[in-house]
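Subject: Structure for you to look at

Hello,

Here is the structure I promised. Please open it and keep it on screen while you read.

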Amino acid sequence: MRITQDFAPRATGGPAGPAGPDAGRTARRRPARGRAAAALTAAVAFALVLAGCGQGAEPAPKPASAKGSAEADRVEPLAAAPAPKLPVTVGSADGTKVTIDSTDRIVPLTGSLSEIVFTLGFDRQVVARDITATFEQAEKLPVVTRAHDVSAESVLSLKPTIVLADTTTGPREAIDQIRDAGIPLLVVEPAKELADVGRRIDTVAEALGVPSAGAELKKRTEDRIAAVQKSIPAAQDGRKPRVAFLYLRGSAAVYLLGGAESGAGSLLEAAGAVDAGKESGLKKDFTAITSEALAKAAPDAILLMTKGFESVGGMEGLVKIPGIAETPAGMDRRVVTVDDGMLLNYGPRTDRVLTEIVEQLYAKGGEGR
């Protein structure tokens, strides 16, 4: 049930939508623990995808990365659009072989895959998007998902020459229907951590017949991530800041603490921090927030998606969640916020995500407190 930027976990237990973006229609009332366990998967699955929650009473503090957030609404294509060498036959993550002989009409079915396709220079060939592709260049494209379910009819009506999905894309019946219509459909393994960024870029570039462009984009992305990491201040007294990733949707009464499988740990570690939930012994992806769990995690700062922060009423609402005010982060009112559509995407814009985390986390003299 790990949340990815593309898809939050579905009821089956796999990721289902951008972590961002909104998965979880089940309203869970705190502290009704009996309901919480039963509703958790469904709640996360809807609440993570659209992230369209109301404005908070107090906006997230934005350090120098405020400009970066505005720029993050766009992807940055490679300087020269590559010429595909087709046909190619590639292996799909679901065990099939897929032959692609045209990239004239591309339908990526996750936001992260859309980012890669656009950044590789195929913006004019993309004819549709799923609801999680929220960046500026994609926003006017027709949406072919309903909530987070793919509409096979909508996809087929656009006569795609290649469809890109990942293992979180569903329902399975829609995927089968698209394939049965003779459309090449490639399933890509989802990104779970920073190390997966290059693999995803390579896979998509190979499928589109532009492996050299993929190598260029991978190097650009990895170089930029490395440059951000060089800017991280040295830990004071050898102590790294402890950061807890919280997934919040106040309107749906969803309050979750990220653990080892949340998807945020790799980013936090790359930012020179400790994933407080993982370090405190939480081995799952998410668990319902309790005062006890927060006390054990003892975060110096809290990582949040921007709309999640707004959904609880900003800082004033955040510290009213039981246990938050008693943590070092709550006492210092120390939060780090990143746009919902980017945080866990693990793609060509991950360096921007890392920049925002680093700038906000170390904004007060680099001490992580």
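Below are notes on the cores, a cavity and the salt bridges.

Please note that the model is predicted.

Start with the nonpolar cores. The largest has 64 residues. Leu120, Leu208, Leu267, Leu303, Leu343 and Ile357 touch the most other members. Take Ile357. Beyond its neighbours within four places in sequence, Ile357 contacts Leu267, Ala271, Leu303, Val336, Val338 and Leu343.

Glu76, Arg220 and Asp351 are among them. Helices α7 and α14 each supply at least two lining residues.

Now the salt bridges. The whole structure has 15.

- Arg179 and Asp94 meet at 2.6 Å, N to O. Arg179 is in helix α5 and Asp94 in the loop between β1 and β2, so the pair ties together parts 85 residues apart in sequence.
- Asp202 pairs with Lys218, with the closest N and O atoms 2.7 Å apart. Asp202 sits in helix α6 and Lys218 in helix α7.
- Asp300 and Arg239 meet at 3.0 Å, N to O. They are 61 residues apart, each in a loop.

Is Asp300 buried or exposed? Asp300 counts as buried because its relative accessibility is 0%, and the cut-off is under 20%. Arg239 is partly exposed, at 37%.

Finally, shared partners join Asp94, Arg172, Asp176 and Arg179 into one salt-bridge network.

Best wishes

Methods
Residues are numbered from 1 along each chain as its sequence is written. This is a predicted model: local features need pLDDT of at least 70, side-chain atom pairs count only at pLDDT 80 or more; totals for chains, interfaces and linings use all residues. Side-chain values use heavy atoms; hydrogens and water are left out. A nonpolar core is a set of buried Ala, Val, Leu, Ile, Met, Phe, Trp, Tyr and Cys residues joined through side-chain atoms within 4.5 Å. Buried means under 20% relative accessible area, exposed over 50%, partly exposed in between (1.4 Å probe, protein chains only). Contact means heavy atoms within 4.5 Å. On a 1 Å grid over the protein atoms alone, a cavity is a set of points where a 1.4 Å probe fits but cannot get out, and a pocket is an open set with protein on both sides within 12 Å along at least five of seven lines; lining residues have an atom within 4 Å of a point. Helices (H or I, at least four residues) and strands (E, at least two) are DSSP runs, numbered from the N terminus. A salt bridge is a side-chain nitrogen of Lys or Arg within 4 Å of a carboxyl oxygen of Asp or Glu.
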